[in-house]
Amino acid sequence: RERIARYGLLVADVQDVIMSAVGGMNVSTTVEGLERYPINVRYPSELRDSVSALEQTLIATPGGAQIPLGQVASVEIRQGPPMVKSENARPTAWVFVDIAGIDVGTYVERARRAVAERVDLPAGYTIVWSGQYEYMQAARARLLVAVPMALVLIVVLLYAATRSWVRVGIVLLAVPFSLVGSVWLLYWLDFNVSLAVWVGVIALAGLDAETGLVMLLYLENSCERFREEGRLASKDDLWWAIHDGAVQRIRPKTMTVVTTFVGLLPLMWAEGAGADTMRRLAAPMLGGLASSFLLELLVYPVLFSLVKGVGLPRHARAET
């Protein structure tokens, strides 16, 4: 500053020369149709590509003299951050981590324990785990509300349709059947549990409750028809009534599963933005429908027979 004052200059005069010669200064704008491009003026690269060249940059004094920059400034190269980031009025430094072979939640929990054991933070320093983990925590908080609400709504609607808690329990057994296929398909595809997977599971629960209710309706209608015809006097008659209702259910159940498969399978080979999310949304539904298709046809009739067979003799009295 003393040298700058000796030549009758201001600090701003020197900084203006540095800005215009080294960094460049926009002096105008060129118009090309709808496009606008700034016109930037600065020294050619050979006059600013080294410390010695920068020291020879000329500065005009009020008296008309030209003095080199090296006489009023010390020029040196220092390594520094490309920018200073801040959040909540505090400077921040980011460490980016790419993981493979492990889900984000498990990695962060292990990393959090390792940092707590080995790193002593000075006063005023904090560590925040951000990125996908932060989004997962926010999504987890929403799922803790959305999943119970979806299950409660399914139960209420089933009870409103059947007016029987026993029937509601039978229908809800479709959900564990479908989860078997969902878990196995997610394991085979090596998909971690994510928000998209949970959304697919919620959609699967509603779809399985629907198909289970239709299955129960076919069995109820078949048993009612046998009762009206006087053919429901024993457990053997009940078995034939359930068999009749289950056989009638095969075609609509197959149509439901096939149409859903046709609609969801293309998502498994989708490409582009959002394809990974759609695959994880479709996978639990595909696996769950495949397992529920078989288990509902095989296990539902057995459970229905156990419930309806209470109080019925093994064989009709006419046969004994």
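Q: What makes Ile-154, Val-155, Leu-158, Tyr-159 and Thr-162 in α5 part of a contact with α6?
A: In this predicted model, these α5 residues meet Trp-165, Arg-167, Val-168, Val-171 and Leu-172 in α6. Contact here requires heavy atoms within 4.5 Å. The residues of this contact divide into eight nonpolar, one polar and one charged.

Q: Why is α5 called roughly parallel to α8?
A: The axes of α5 and α8 (residues 195–228) cross at roughly 5°. Angles under 35 degrees count as roughly parallel, so the label applies to α5 and α8. Their axes come within 11 Å.

Q: Which residues make the contact of α5 with α8?
A: From α5 come Ala-139, Leu-143, Val-147, Ala-150, Ile-154, Leu-158, Ala-161 and Thr-162. They meet Leu-195, Trp-198, Ile-202, Ala-205, Gly-206, Ala-209, Leu-213 and Leu-216 in α8. By class, there are 14 nonpolar, two polar and no charged residues.

Q: What makes α8 roughly parallel to α10?
A: The axes of α8 and α10 (residues 275–308) cross at roughly 25°. The cut-off is under 35 degrees, so α8 counts as roughly parallel to α10. The axes come within 8 Å, and the crossing is right-handed. The contact residues divide into 19 nonpolar, six polar and five charged.

Q: How do you know whether Glu-220 is buried or exposed?
A: Glu-220, in helix α8, has a relative accessible area of 15%. Buried means under 20%, so Glu-220 is buried. Leaving out residues up to four places away in sequence, Glu-220 touches Arg-167, Phe-304 and Lys-308. Arg-167 also takes part in the contact of α5 with α6.

Q: Why is Thr-260 classed as buried?
A: Its relative accessible area is 16%. The limit is under 20%, so Thr-260 qualifies as buried. Thr-260 is found in helix α9 (residues 235–268). Neighbours within four places in sequence aside, Thr-260 is in contact with Leu-207 and Leu-289.

Q: Which other residues of α9 are buried?
A: Asp-237, Leu-238, Ala-241, Ile-242, Gly-245, Ala-246, Arg-249, Lys-253, Val-257, Leu-264 and Met-268 are buried along with Thr-260. An α-helix has 3.6 residues a turn, so residues three or four places apart point the same way.

Q: Where does α9 bend, and by how much?
A: The bend is at Ile-250 and amounts to about 35°. Pro-252 follows within four residues.

Q: Why is Asp-190 called exposed?
A: Asp-190 has a relative accessible area of 64%. Asp-190 is found in the loop between α7 (174–189) and α8.

Q: What makes the phi of Asp-190 worth a look?
A: Most residues other than glycine have a negative phi. Asp-190 is not a glycine, yet its phi is positive, about 60°.

Note on methods:
Residues are numbered from 1 along each chain as its sequence is written. This is a predicted model: local features need pLDDT of at least 70, side-chain atom pairs count only at pLDDT 80 or more; totals for chains, interfaces and linings use all residues. Side-chain values use heavy atoms; hydrogens and water are left out. Helices (H or I, at least four residues) and strands (E, at least two) are DSSP runs, numbered from the N terminus. Ala, Val, Leu, Ile, Met, Phe, Trp, Tyr, Cys and Pro count as nonpolar, Asp, Glu, Lys and Arg as charged, and the others, Gly among them, as polar. Buried means under 20% relative accessible area, exposed over 50%, partly exposed in between (1.4 Å probe, protein chains only). The bend at a residue is the angle between axes fitted to the seven residues ending there and the seven starting there. Axes are lines fitted to C-alpha atoms, for helices over the stretch in contact, and angles run from 0 to 180 degrees between N-to-C directions. Angles under 35 degrees count as roughly parallel, over 145 as roughly antiparallel, 65 to 115 as roughly perpendicular and the rest as oblique. A crossing is left-handed if the near helix is turned anticlockwise from the far one by less than a right angle, and right-handed if clockwise.
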